[in-house]
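Subject: Structure for your review

Dear colleague,

My notes on it come directly after.

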Amino acid sequence: MKIFTAEQLYEADKITIKKNKIASSDLMEHAATQVFTWIHSRMQGAPVPIHVFCGIGNNGGDGLVLGRHLLQHGYKVQVYVVNFSDQRSEDFLLNYNRLKDAECWPTLIKGEGEFPKITKDDIVVDAIFGLGLNRAPEGWVKALMQHVNDARAYTIAVDVPSGLYANSAPDDMEAVVHANMVLTFQAPKLSFFLPETGKFLQSWEVLDIGLDPEYLNATDVTMQLIGKQEVLPMYVPRQKYSHKGNYGHSLIIGGSFGKIGAVSLAGKACLTTGAGLVTAYIPECGYEILQIAVPEVMVTSDPGKRQIADIKFDMAPTVIGVGPGMGTDDQTRNAFAEFIRTNECPLVIDADGLNILAAEKELLESLPAKTVLTPHPGELERLIGAWTDDFDKLEKTKAFAKKYDLVIVVKGAHSVTVCDQKLYINTTGNPGMATGGSGDVLLGMITGLISQGYDPLQAAVFGVYLHGRAADIAVNDTSYQGLLASDIIDYIGDAFIDLFKRPEPPVHEEEGKHE
Ligand SMILES: NC(=O)C1=CN([C@@H]2O[C@H](COP(=O)(O)OP(=O)(O)OC[C@H]3O[C@@H](n4cnc5c(N)ncnc54)[C@H](OP(=O)(O)O)[C@@H]3O)[C@@H](O)[C@H]2O)[C@H](O)CC1
Ligand SMILES: [K+]
């Protein structure tokens, strides 16, 4: 699914109005009616108090239209105008009058003493600010937002939670409405998926407000949300008359005394994702462990007993996954550096491989084009330096990926794959995956996909999706707490089967405020 910037959505708005020869108020009526229908189909007329807070722009206008429909359908609704400015938008004013014509007089809020009482059993609709926010909410407006948050009522935000921008960091983290549900117009916004801003919402749903499909289709975006629909076309079916030689030979390099398990996990995940053959290259101490732990994986041992000391192998791998459990001992560091300088095979690099790259940045110049790096935030920071916020982090990652022609998977609740100035935001996965070894499994899976012929970007995007999906299916049996990295491997097969099963659920749960 495409993620548009606020600027692109405003443009779509204009084009739709012009092309369809409609008034902007018609678009507002349509958009807000969708919000009403969403609420009405769930509440079925229940007499629960609903507080609709409207700003003075078009987001507020949406709130006024919603208030009118709720009122006309007999809901117990109170509409407030958060009167932070006299510069009311035209469509706000039109709908303000329509609301009055429907015998509803909104309550004007002009300061702190005028906040209504909200109980936690009420419903709040936040239509204070939308895409037009251009500075931090201050004074009593900020206090009102906090008053709404403190009430802990079920809160539905129109388009975006007030205080959040679509594609940049909020100016004030204390001045953001916490939403249980965001009913967002036409397309999800980037801020819904990044850790510092995604925490302000629990769930989101897109309402199709009928913006010009031609414009939306033709407009190039730099951000995409990756779900089943996006990965299905990448899937390459297994051919009947194929053999293991058709699916590549992966080499996994890593491991050290006490961390041979990382290579077992990566090797097994690589095979389970479909690689034809997998060889593990590990220090001598791991030889028997690995042969017993994963009999399907072949093992070549390094001359180093407890850690890798000199990377030399007598085979021609299709792809190499390197780093898991490898350590950063001096000998290993030198061996890794020498390997990187001479290697020409496609690479996937994680963990200590990334740490050595961060310490010896000149090695980055020697990486093959489209090498896949899979850093967690700590590893990423060592590579690209500090960032000011999540949006800056992605900009810096884009620049870094461009400089060295890399595919970078920024791991997190929504892992983001960065390549060629584009962002691919994953939708699968769950907090159970915050457990030792799940990164090793991901490295193995991406390596296994490249082994079969997926190009590195597709392998990263598809691998991240499958990894999360396997864990999502697994937690039904294991719970979040009980999920082990090896369980993710056990469910990779189910994740493949699931590609051809049921459609995606419409509601997207985020890690939200309400613990
Ligand atoms: N195509 C669509 O997606 C549609 C969107 N709709 C809705 O319209 C909003 C965007 O509406 P807009 O009027 O552009 O902006 P807002 O309502 O978000 O903001 C209103 C004004 O508030 C002022 N402002 C901004 N920041 C602050 C602040 N921190 N404190 C006080 N005031 C602030 C600003 O005016 P200024 O002149 O004061 O700068 C804003 O203009 C979109 O989100 C949808 O909900 C349509 O209804 C349907 C189509
Ligand atoms: K809002």
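The model is predicted, so local features are reported only at pLDDT of at least 70 and side-chain atom pairs only at pLDDT 80 or more, while totals for chains, interfaces and linings use all residues. Residues are numbered from 1 along each chain as its sequence is written, and chains are lettered from A and ligands numbered from 1 in the order in which they are written.

Domains

The chain is divided into domain 1 (2–219) and domain 2 (230–500); such bounds come from an automatic or database domain assignment. The centres of the two domains, taken over C-alpha atoms, are 42 Å apart. Their contact takes nine residues from domain 1 and seven residues from domain 2, where contact means C-beta atoms, placed from the backbone, within 7 Å. On the side of domain 1 that touches domain 2 there are four nonpolar, four polar and one charged residues. In this classification Ala, Val, Leu, Ile, Met, Phe, Trp, Tyr, Cys and Pro are nonpolar, Asp, Glu, Lys and Arg are charged, and the others, Gly among them, are polar.

Ligand 1

The shell around ligand 1 holds 31 residues, of which G57, N58, N59, G130 and G132 come nearest; a residue is near a molecule if its C-beta atom, placed from the backbone, lies within 6 Å of it. By class, the shell has 14 nonpolar, 13 polar and four charged residues. Helices α1 (6–19), α2 (24–43) and α3 (58–72) each supply at least two of its residues, and α3 gives the largest share, five residues. Helices (H or I, at least four residues) and strands (E, at least two) are DSSP runs, numbered from the N terminus.

Buried means 20 or more other C-beta atoms within 10 Å of the residue's own, with C-beta atoms placed from the backbone. Strand β2 (residues 50–54) pairs with β3 in the parallel sense over five bridges; pairing requires at least two DSSP bridges. H51 has Q78 as its bridge partner in β3. On its other pairing, β3 runs parallel to β4 (residues 107–109) over three bridges, with L108 the partner of V81.

The 11-stranded sheet

An open, mixed sheet has the order β1-β9-β18-β17-β16-β15-β14-β13-β10-β11-β12. Its edges are β1 (2–3) and β12 (298–302), each with a single partner strand, so one side of each lacks a neighbour in the sheet. Within the sheet, four of the five residues of β10 (residues 249–253) are buried. Parallel pairing joins β10 to β11 (residues 277–283) by five bridges and to β13 (residues 319–322) by four. L251 stands opposite T279 in β11 and has I320 as its bridge partner in β13.

Residue V441

V441 lies in helix α15 (residues 438–451) and counts as buried because it has 30 C-beta neighbours inside 10 Å. Leaving aside residues up to four places away in sequence, V441 touches L265, A266, A269, H467, A485, I488 and I489.

Yours sincerely

Technical notes:
Buried ≥ 20, exposed ≤ 12 C-beta atoms within 10 Å, placed from the backbone. Contact = placed C-beta atoms within 7 Å.
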